[in-house]
Amino acid sequence: MTHINDYKEIVGRGTIEDLFLLADRLQGKAVQNINSTAVGGGVAEILTRMLPLLQDLGVDARWDVIKGNERFYSTTKKIHNALHGVQVDILSDEFEDFLETNRQNASGMTFGDIVFIHDPQPIALVEQRGTVGGRWVWRCHIDFSRPDDHVWRFLKSFVDRYDSAVFSAPAFARALAIPQILIAPSIDPLSDKNRTLPEETIDAVFTRFGIDRSRPVVTQISRFDYLKDPVGVIKAYRLAKRRVDCQLVLAGGGATDDPEGPAIMQQVNSEAERDQDIHVLFLPPSSDIEINALQRGSAVILQKSLREGFGLTVAEALWKGRPTIAGAVGGIPLQIKHKYSGILTHSIEGTAHWIKQLLQEPAFAARLGKNGHQHVRDNFLITRHIKDYLLLFLSLYHADDIVHL
Amino acid sequence: MQPFAFNTKYDQTILLGRKAKNLQTLLAGIRAVPESSLYFHTHRFLLQHHFLSPEPPNDFAYWATEVLNDDPLGENLSSVDILQFASLEDLRKFFITVLDESLQHADRLPDCPRGEEFHFMACRTFVLPTPYAAETLEAFSSILEHISISALYYHIFDARLRLGRGDNDFSRWFADLGHEELAAKMRMLDPYTQTLEGLRSHIITMVRDYDAH
């Protein structure tokens, strides 16, 4: 169990003291988070880590999870896809069922002074606002750059009833009457996925997977789906390997609901079978230490995404001081400044070129890694995320441009 | 004499929902957005890259250079000496003049690639007192060693331009104490062309050197 004071060593005493000052201004306010899942998925992961830290700071932070039947989750999955710009058909009785599920959940719920709704599933709870009062915030965690118009109009009728909406990237902002606030996601430097590991642990993980640590390792950690371009990664590795000896590790979760997933998997596997230096690792969800060790033991990390929401795996790699080459898409350019805190590429050839450069210029690669680590420390750690949430809650009680607390 | 009471501050980033895809729409945006947006786009880099980049460009310069590939304009926009402007409205006039001139001489008006538009943002600033106050220069420099970088930022950048005090808070306090020479030295420091940690150590050294003589 980590405590907020444990982060002083990482972000400095002053930063933690400031968090206590901000939290103190929220005395007497109950902050209620509501989402649709207690485990699994990024929102549950961040709430699991963040709630105890907010409570450490003295904030009365709570967390409720709504429940629904299979039909409800099938509708919310469609809504999720529609917000990503996928064409979907949602029937009017599915919308009605969605609303009814929200109403049923509301009837058994006690609402806090600040109601913090995460993602679209519980969005219609705001119908209760007239009865229960309080301040309401809607936090959208998903890529929102090209939402389906029909679904967005349905959701907007609820969003308009909130006090503020929160998005993860500037491109997700919409024409709304309420204030829209930018809050980037974060990583937790003390979690199993990111904490410092002893060399023996890193060695043991490499040995277990049969990877030779005496030769350079290039690694991509990500789901095996088309948008992460694992086949492009293999092609870039092959181009680089013509000139520089290296091994490739592709590690991540199994097949997703991406319809092209099985074809991608087949292609990756057949490529890997022809080359003993390609290691394809299917990792179960509980593989945080393994992922951590693979990243820390690699000479270069890739995140050759073709499309990306925010791309927190990049922040994870940078935090470990690893030189990172990533596609210039989604939130990745917010994390990497080209040739300063990492490398941004647009093609297989460009990626191969930079793999060679970084493997052969370790001093330059180390400088990128050091700068990347610093940039993540300053901008993408959970303490910055907590600070943004505290400001968000406080902003609900103040209208001025400059607020003296 | 009043002790120096350290405040700290934090900004909330507001998405204005307005974007630009070329110089014309960038100029229209700069004319229309609130002052807090100009402040945000000219100061954000300082905090986000405060350990990395000793010469942080502003967002307008960065976008003109990196997205529109207009290096001369980018250089004009990034070389702005923000210290010479007494208010954010004066700074706005500067950007309008530079962009107007660029547009007059442009033989074409390229749009940026889709997805790389300039998104106008703004900030809301929350100021709060810290428990730290200094009655002497010695105590002042000791506190400055450990106080959060946001506190330093507030007294140097926000005080002068965002809060419209016309001077940084440190110089004002030094002058109140009768240390005019130290106040003048502090005023001469260009905080925009160094990292915040560099600035912190410069001020501490400057105050300690002055105090020792």
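1. Surroundings of Glu135(B). Leaving aside residues up to four places away in sequence, Glu135(B) touches Pro3(B) and Trp173(B). This is a reading of a predicted model. Glu135(B) is placed in the loop that lies between strand 2 and helix 6 (137–146) of chain B. Is Glu135(B) buried or exposed? Its relative accessibility is 62%, and because the cut-off for exposed is over 50%, Glu135(B) counts as exposed. In sequence, Glu135(B) and Phe4(B) are 131 residues apart, yet their C-alpha atoms are 6.4 Å apart in space.

2. The strand pair of chain B. Strand 1 (residues 4–20) of chain B and strand 2 (residues 118–134) of chain B run antiparallel and are joined by 14 bridges. One of the pairings sets Ala5(B) against Ala133(B) in strand 2 of chain B. Strand 1 of chain B is mostly covered, with twelve of its 17 residues buried.

3. Chain B as a whole. The secondary structure of chain B consists of ten helices and two strands. Read from the N terminus, the order of elements is β-α-α-α-α-α-β-α-α-α-α-α. The C-alpha trace of chain B spans about 60 × 30 × 30 Å along its principal axes. Chain B has 213 residues, of which 55% count as buried. Taking contacts in chain B between residues at least 6 apart in sequence, 75% join residues at least 24 apart.

4. Which residue of strand 1 of chain B is the bridge partner of Gln180(A)? The partner of Gln180(A) is Leu15(B). Leu182(A), in turn, stands opposite Thr13(B) of the chain B strand.

5. Extent of the contact. Chain A contributes 39 residues to the contact and chain B contributes 35 residues. The size of an interface is often expressed as the accessible area lost when the parts come together. Here, chain A and chain B bury about 3300 Å² between them, and 60% of this is on carbon and sulfur atoms.

6. Polar features and composition of the contact. Between chain A and chain B there are 15 residue pairs in polar contact, both residues being at pLDDT 80 or more. On the side of chain A that touches chain B, the elements giving two or more residues are helix 2 (13–24), strand 6 (180–182), helix 15 (362–379), helix 16 (382–395) and strand 13 (402–404) of chain A. Helix 2 of chain A gives the most to this side, with seven residues. The residues of this side of chain A divide into 17 nonpolar, ten polar and twelve charged. How many salt bridges are counted between chain A and chain B? The count is one salt bridge.

7. A covered strand in chain A. Strand 3 (residues 114–118) of chain A is mostly covered, five of its five residues being buried. In a regular strand the side chains alternate between the two faces of the sheet. In strand 3 of chain A, Ile114(A), Phe116(A) and His118(A) point one way, while Val115(A) and Ile117(A) point the other way, and all are buried. Strand 3 of chain A pairs with strand 1 (residues 30–35) of chain A in the parallel sense over four bridges. Within that pairing, Asn33(A) stands opposite Phe116(A). Strand 3 of chain A also runs parallel to strand 4 (residues 135–139) of chain A, to which five bridges join it. Here the bridge partner of Val115(A) is Trp136(A).

8. Glu94(A) lies in helix 5 (residues 92–107) of chain A. Is this glutamate, Glu94(A), buried or exposed? Glu94(A) has 7% relative accessibility, and because buried means under 20%, Glu94(A) counts as buried. Not counting residues up to four places away in sequence, Glu94(A) touches Arg71(A), Thr75(A), Lys78(A) and Asp89(A).

Definitions and conventions: Residues numbered from 1 in each chain as written. Chains lettered and ligands numbered in written order. Predicted model: local features only at pLDDT ≥ 70, side-chain atom pairs only at ≥ 80, totals over all residues. Heavy atoms only, no water. Contact = heavy atoms within 4.5 Å. Buried area = accessible area lost by both parts, 1.4 Å probe. Salt bridge = Lys/Arg side-chain N within 4 Å of Asp/Glu carboxyl O. Polar contact = N/O pair within 3.5 Å; in protein donor to acceptor, adjacent residues only side chain to side chain. Nonpolar A, V, L, I, M, F, W, Y, C, P; charged D, E, K, R; others polar. Pairing = 2+ DSSP bridges. Buried < 20%, exposed > 50% of the residue type's maximum accessible area, 1.4 Å probe, protein only.
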